[in-house]
Amino acid sequence: MKHDELAHLLPAAREQAQLGNEERVKSLLRDRWIDYPRATEALQVLQRLYETPPRDRMPCLLLHGDSNIGKTKITAKFRRAHPNEFDERRGVERCPVVTVQMPPTPDQHRFYSGLLFELGAPHNAAAGLASLERLARDILKTMSPQMLIVDEVHHLLAGTYREQRASLNLLKYLANDLKISMVLVGTRDAVLALQTDPQMVSRYRPFEIPRWRESDNLRRLLAAFEKVLPLRKPSDLSRREIVQYVLELSGGLTGAISTILNDAAELSIRNGDEFIGISHLERVAREHA
Ligand SMILES: Nc1ncnc2c1ncn2[C@@H]1O[C@H](COP(=O)(O)OP(=O)(O)OP(=O)(O)O)[C@@H](O)[C@H]1O
Ligand SMILES: [Mg+2]
């Protein structure tokens, strides 16, 4: 197939579009990053926090939005942009951005254990909370991260009042003691959890990744998907009919948009159509119903 017939695709996708059906279907499942303005803004806010020099009251961020909107995707991209580096002078690995998840129930032992795992620090899982805590803090001091990202913060609410207080104190302590910027990530329940603590409210700047609505940005998002899906014919995904239908099916969630388009692309590769039209989307909708 001549490349100029694939002018609707980005160069890398043009290569992929030449592959066989199975390979193309498989490639749909690969991780991909698609830029959109709110994500770019979020990445810029994270970068500004990251560059804040250590001070007594470190600024912190609460990145929130519905499940499947793309929050973890953003923090993972930020993390990749700041890989670990070896500090020759001190002979230690520096980990500029540490990401860790809040356990499903606010359990400090599991939190520290998960943190130590992220830091690549071997530890005895049977150790008591106090010793895990000390170890994690010592290692964090050595590795001197500039930012700690805690994902799934809404899990905090799954605990009793006392457990919630304890977890909030833990987060406060880490920000104060280590003088690192904290980024908490979660759903609306994460916002509610922080609201129970006036000190947290004043410290954390909320930043929402909202659901998509019909807009130029959504049209651009769909156009960007079209440029990377390995289909051999243009689909014109940014036309009104398609945009409205995808919005309706997805509820405006980035993850759902991605899944719907992947499924429609797979269908269209398998039946030889090689583009996505309303009929493909309708079939995907029926199969998911
Ligand atoms: N920028 C993006 N480019 C491409 N795909 C994306 C992007 N953002 C989100 N997605 C798609 O949406 C899915 C869900 O994203 P993500 O896991 O980041 O959501 P989340 O907001 O962290 O959800 P949860 O609150 O349930 O953890 C991803 O697996 C990916 O398929
Ligand atoms: Mg997530």
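**Exercise 1. Identify the backbone polar contacts of ligand 1.**

Solution. A backbone N or O atom of Gly70 lies 3.0 Å from an oxygen atom of ligand 1, a polar contact being a pair of N or O atoms within 3.5 Å. For Lys73, the distance from a backbone N or O atom to an oxygen atom of ligand 1 is 2.7 Å. A polar backbone atom of Ile69 lies 3.3 Å from an oxygen atom of the ligand. The protein covers 79% of the 640 Å² of accessible area that ligand 1 has on its own (Shrake-Rupley method, 1.4 Å probe).

The model is predicted, and local features need pLDDT of at least 70, side-chain atom pairs pLDDT 80 or more, while totals for chains, interfaces and linings use all residues. Residues are numbered from 1 along each chain as written, chains are lettered from A and ligands numbered from 1 in written order, and side-chain values use heavy atoms, without hydrogens and water.

**Exercise 2. Characterise the shell around ligand 1.**

Solution. Step one: count the residues. Ligand 1 is surrounded by 16 residues, the closest being Ser67, Asn68, Lys71, Thr72 and Lys73 (a heavy atom within 4 Å).

Step two: classify them. Four are nonpolar, seven polar and five charged, where Asp, Glu, Lys and Arg count as charged and Gly is among the polar residues.

Step three: assign them to domains. Domain 1 (3-29 + 212-288) and domain 2 (37-208) each supply at least three residues of the shell, with bounds from an automatic or database domain assignment.

How values were computed. Polar contact = N/O pair within 3.5 Å; in protein donor to acceptor, adjacent residues only side chain to side chain.
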